[in-house]
Amino acid sequence: KAGLNVIVVEKQAVFGGTTATSGGMLWIPGNHHSPALQAQLGESDSLDNARQYIIAEAGDYADVDRIDAYLQYGPEMIAFLEKETHVKFEGAEYPDYNMEHPNASRVRSLTSPQYDAGKLGKHFRQLKPELPQMLFLGFAIGSSVEMKQFFRAGRSPRAFAAVAYKMARHLVDSAIHGGPRRVVRGRALISRLAQSLFELDVPILLSSPANELIMEGERVCGAVIATPVGKRRVIARKGVVLGSGGFPHDDKRRQAAYPTNAYDGVRRSVANPGNTGDGARLAEQAGGVFSKEVSNGGAWMPTSVRPDVVGPEGVWPHLVDRLKPGFIAVNGEGRRFGNESAAYSAFVPMMLEGSGDEPLGFAWLIGGKNAVDRWGIGRVRPKPMSRNGFIQSGYLIEAPSIAQLATAIHVDPRQLEQTVSHFNADALRGEDTQYKRGSNAYDAYQGDDEHGPNQCLGPVEKGPFYAIKMFAGEIGTFAGVRTDKFARVVNEAGKPITGLHAVGNDQLNVFGGA
């Protein structure tokens, strides 16, 4: 749109990367959709409020210049995309992760409306697919409203009818086109972006990783691309932008940037497998600096691993179950260690700290029959879907009593019974006296609006009882390449390297890892 020539080079055989399997949600304070949401909710917000919130959350790692640039240009970016491309957003009522902060808000988030990916034409089959484990009979669930329909389908005729209609359309679409054309969340966002590129004749070169930067003195003036038909030297008159998704699958950088009990050499990650730290490697080649000076090296997500499924497809991100009433999380001693309904980015650090001297941090997520029937647990779907295969594989542990469950997961039965008893007493009163679960707007939003008096708190009291082991996983990384407020990669002295930028997860996180 600025009159320049652009080439996108993609390492993998499909395009979409991290975004294609993400929730497709953006956090942009001051976006032009926010005022309508503020009026609807009776809530006021400002960029100064957001600034104070970010700086407080980033703490010692706050880079005020970059934060200010983010706040200034974020709203402009949203307006530009909606005016100049196929990208569309909708304002979303979604609480900030730390709603206990006085400057937190519910009006800063944006979602990506669903899209007809058939508009991509011949490029449709090059679009990165959803994570298969996150689909329901091949169907990708979009909005939170749609998710509630699926959870209620087993007990609500209206929800069942809505789900049945959507599944029927999905099956017909798949039969006609060889796959569903309706795409949601991050896949909708990346489809809209890609369609905009294709119409502007911007190529996306697939299976073409950038292996080397081309330098003229201290200036970056291009890159060497390994295409399927051989090496290609691309000269960039204006510059190279690194956006390779960070390093979640770079074992060496993980070891350096993560806490010692977060990683044992096995990656339990739902991050894009192609994200192996290429951006950081290329930046270092040009004199750039990889930094782990953030509060969290990874964008944490509690995950569990199905032992009979190899690779990323066997990993499950715990986005729903632990937040719902009727579930409790305990450490290897059978004690709670924090608020189970906290945002995933806060839950994993609590889990790691709560693991004490364990060489690898973990937690047991425990639920009774009622909760598992209603919500499922991990990869286990709600009733009436079978859970026998998960039990046989060892992924799901089942026992008729809490004491017997404790024995099965090698936890002190007396301690676990005591923990659950105290938890249940609090749940019946609707007040978590230990960790205040359900006391803030984020917790409540993620809970069950049909449950009371606390939307997140329900007793674990009816057997059989179930347990799944959770580990520290991630959806991306926060350590990264040092940049200035213009996203220019800088060297050890803090001087910008001419012609080289880093964005997204390649860039040292603008929120300091918070």
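User: What makes R108 count as lying over the face of Y53?

Analyst: In this predicted model, R108 is placed at 5.6 Å from the ring centre of Y53. The cut-off for a charge over a ring is within 6 Å of the ring centre, together with a position within 35 degrees of the ring normal. R108 therefore qualifies as lying over the face of Y53. R254 lies over the face of Y263, at 4.3 Å from the ring centre.

User: Why is the pair of Y70 and F511 called edge-to-face?

Analyst: The ring centres of Y70 and F511 are 5.2 Å apart and the planes stand at 85°. Rings pair within 6.5 Å, and planes over 60 degrees apart count as edge-to-face, so the pair of Y70 and F511 is edge-to-face. This is one of 14 aromatic pairs.

User: What makes the pair of Y70 and F511 a tie between parts apart in sequence?

Analyst: Y70 belongs to helix α4 (residues 64-84), whereas F511 is in the segment after β21 (496-502). The pair therefore ties together parts that are 441 residues apart in sequence.

User: Is Y70 buried, exposed or partly exposed, and why?

Analyst: The relative accessible area of Y70 is 23%. Buried requires under 20% and exposed over 50%, so Y70 is partly exposed.

Technical notes. Residues numbered from 1 in each chain as written. Predicted model: local features only at pLDDT ≥ 70, side-chain atom pairs only at ≥ 80, totals over all residues. Heavy atoms only, no water. Phe/Tyr/Trp six-rings, centres within 6.5 Å; stacked < 30°, edge-to-face > 60°. Helix = DSSP H or I, 4+ residues; strand = E, 2+ residues; numbered from the N terminus. Buried < 20%, exposed > 50% of the residue type's maximum accessible area, 1.4 Å probe, protein only.
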